[in-house]
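The exercises below go through one protein structure step by step. Each task is followed by a worked solution.

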Amino acid sequence: MILSNLQGYRTMKKMKKVVSALAICAVAPSAFASKHFHDTFVGVDVIQTSQEFKANYGKDQFKKTPLDYSIFAGTKFSHHFGVEVGYEGQPKKKKDATWTGEGFLDGNTYTGTASSTTSVKGNHPYAGIFAECKHHRMKFQAMLGASVSQVKVSSYNTVVAGSVPADFTNGATLTGSRTKIVPMVKLSAIHNFTDRFGVRLSVNYRNLSDMNIRMDQDSNQVVRPKDSFGIGLGVVYSFN
């Protein structure tokens, strides 16, 4: 009888240890998060972007001022530093143009004139580390990050008159796509008009000038964008 009670006591003691360990495992992550991560936020942006292309590689052919849309989330891991992740999407933008000389995408200038119907589309998921300072209800952030940028282009060209490249195919549709990790910078000012909601004004820079987009149907035809700049306006919701 005494042995049985002793075994039961030991079993109960082990069960208490197991329950205590499970409780610690359940509470520790949230305690760690509350201690080390704070000022968590989510938001959406509309970004007016300036995206130009290099001479002889798409200049005057593609849309220069697309409107981008962004969703993002972030949190701080110290008083002045935090991380932000997001996705910036550029819907397909089309343009009809007639151009002379510098629009044939092979790096050369010709005397011929051609017309084109083009489109450009971008996908830019990103992540970065930001520094932040506060002044009353204002927050100022400077973020340095990287973007996995994908740019897709298409061009339907027809010759109007004059000399053109020897391999220029009249009436053909050319398509190309390139994905590359590029550096980016985001400067933001956030005004909280309540404890939870605020507006964010941002200036965005993305280093796309090293991206060469070769057309699938003709590798001599290349689209080369310049670096992109944008001004964003959005809404931010803070959890704590």
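**Exercise 1. Aspartate 60**

Task: Decide whether aspartate 60 is buried, partly exposed or exposed, then describe its place, its backbone and its salt bridge partner.

Solution. The model is a predicted one.
Step 1: The relative accessible area of aspartate 60 is 36%, so the residue counts as partly exposed; the cut-offs are under 20% for buried and over 50% for exposed.
Step 2: Aspartate 60 sits in the loop that links β1 (38–50) and β2 (67–76).
Step 3: Although aspartate 60 is not a glycine, its phi is positive, near 70 degrees.
Step 4: The side chain of aspartate 60 meets that of lysine 64 in a salt bridge, at 3.7 Å from N to O. Lysine 64 has a relative accessible area of 33%, so lysine 64 is partly exposed too.

**Exercise 2. The overall make-up**

Task: State how many helices and strands the protein has, and in which pattern they follow along the sequence.

Solution. 
Step 1: There are 1 helix and 10 strands.
Step 2: Along the sequence the pattern reads α-β-β-β-β-β-β-β-β-β-β.
Step 3: Of the 240 residues in the protein, 38% are buried.
Step 4: The accessible surface is about 13,100 Å², and carbon and sulfur atoms account for 63% of this surface.
Step 5: Take the contacts between residues at least 6 apart in sequence: 68% of these join residues at least 24 apart.

**Exercise 3. Salt bridges across the sequence**

Task: Find how many salt bridges the structure holds, and explain why the pair of glutamate 88 and arginine 206 ties together parts apart in sequence.

Solution. 
Step 1: The structure holds 8 salt bridges.
Step 2: In one of them, the side chains of glutamate 88 and arginine 206 meet at 3.3 Å, N to O. Glutamate 88 belongs to strand β3 (residues 81–100) and arginine 206 to strand β7, so this pair ties together parts 118 residues apart in sequence. Both glutamate 88 and arginine 206 are buried.
Step 3: Another salt bridge joins arginine 137 and aspartate 195, with the closest N and O atoms 3.7 Å apart. Arginine 137 is in the loop between β4 and β5, while aspartate 195 is in the loop between β6 and β7, so the pair ties together parts 58 residues apart in sequence. With 41% relative accessibility arginine 137 is partly exposed, and with 67% aspartate 195 is exposed.

**Exercise 4. The nonpolar cores**

Task: Name the residues of the largest nonpolar core and the elements that give two or more residues to this core.

Solution. 
Step 1: The largest nonpolar core has 12 residues: Phe53, Phe62, Val120, Val151, Val153, Leu174, Val182, Leu208, Met211, Ile213, Met215 and Val223.
Step 2: The elements giving two or more residues to this core are β5 (138–161) and β6 (173–192).
Step 3: Another core, of 7 residues, lies apart from the largest one, and includes Phe41, Phe130, Met143 and Val236.

**Exercise 5. Aromatic rings**

Task: Work out why the pair of tyrosine 205 and phenylalanine 229 is tilted.

Solution. 
Step 1: The whole structure contains 6 aromatic pairs.
Step 2: For tyrosine 205 and phenylalanine 229, the ring centres are 5.3 Å apart and the planes are at 45 degrees, so the pair is tilted; planes under 30 degrees apart would count as stacked and those over 60 as edge-to-face.
Step 3: Tyrosine 205 is in strand β7 and phenylalanine 229 in strand β10 (residues 228–238), so the pair ties together parts 24 residues apart in sequence.
Step 4: Tyrosine 205, at 26% relative accessibility, is partly exposed, and phenylalanine 229, at 47%, is partly exposed as well.
Step 5: Phe41, Phe72 and Phe130 form one aromatic cluster.

Notes
Residues are numbered from 1 along each chain as its sequence is written. This is a predicted model: local features need pLDDT of at least 70, side-chain atom pairs count only at pLDDT 80 or more; totals for chains, interfaces and linings use all residues. Side-chain values use heavy atoms; hydrogens and water are left out. A nonpolar core is a set of buried Ala, Val, Leu, Ile, Met, Phe, Trp, Tyr and Cys residues joined through side-chain atoms within 4.5 Å. Buried means under 20% relative accessible area, exposed over 50%, partly exposed in between (1.4 Å probe, protein chains only). Helices (H or I, at least four residues) and strands (E, at least two) are DSSP runs, numbered from the N terminus. Rings of Phe, Tyr and Trp (its six-membered ring) pair if their centres lie within 6.5 Å; planes under 30 degrees apart count as stacked, over 60 as edge-to-face and the rest as tilted. Contact means heavy atoms within 4.5 Å. Accessible areas come from the Shrake-Rupley method with a 1.4 Å probe; for residues, only the protein chains shown count as cover. A salt bridge is a side-chain nitrogen of Lys or Arg within 4 Å of a carboxyl oxygen of Asp or Glu.
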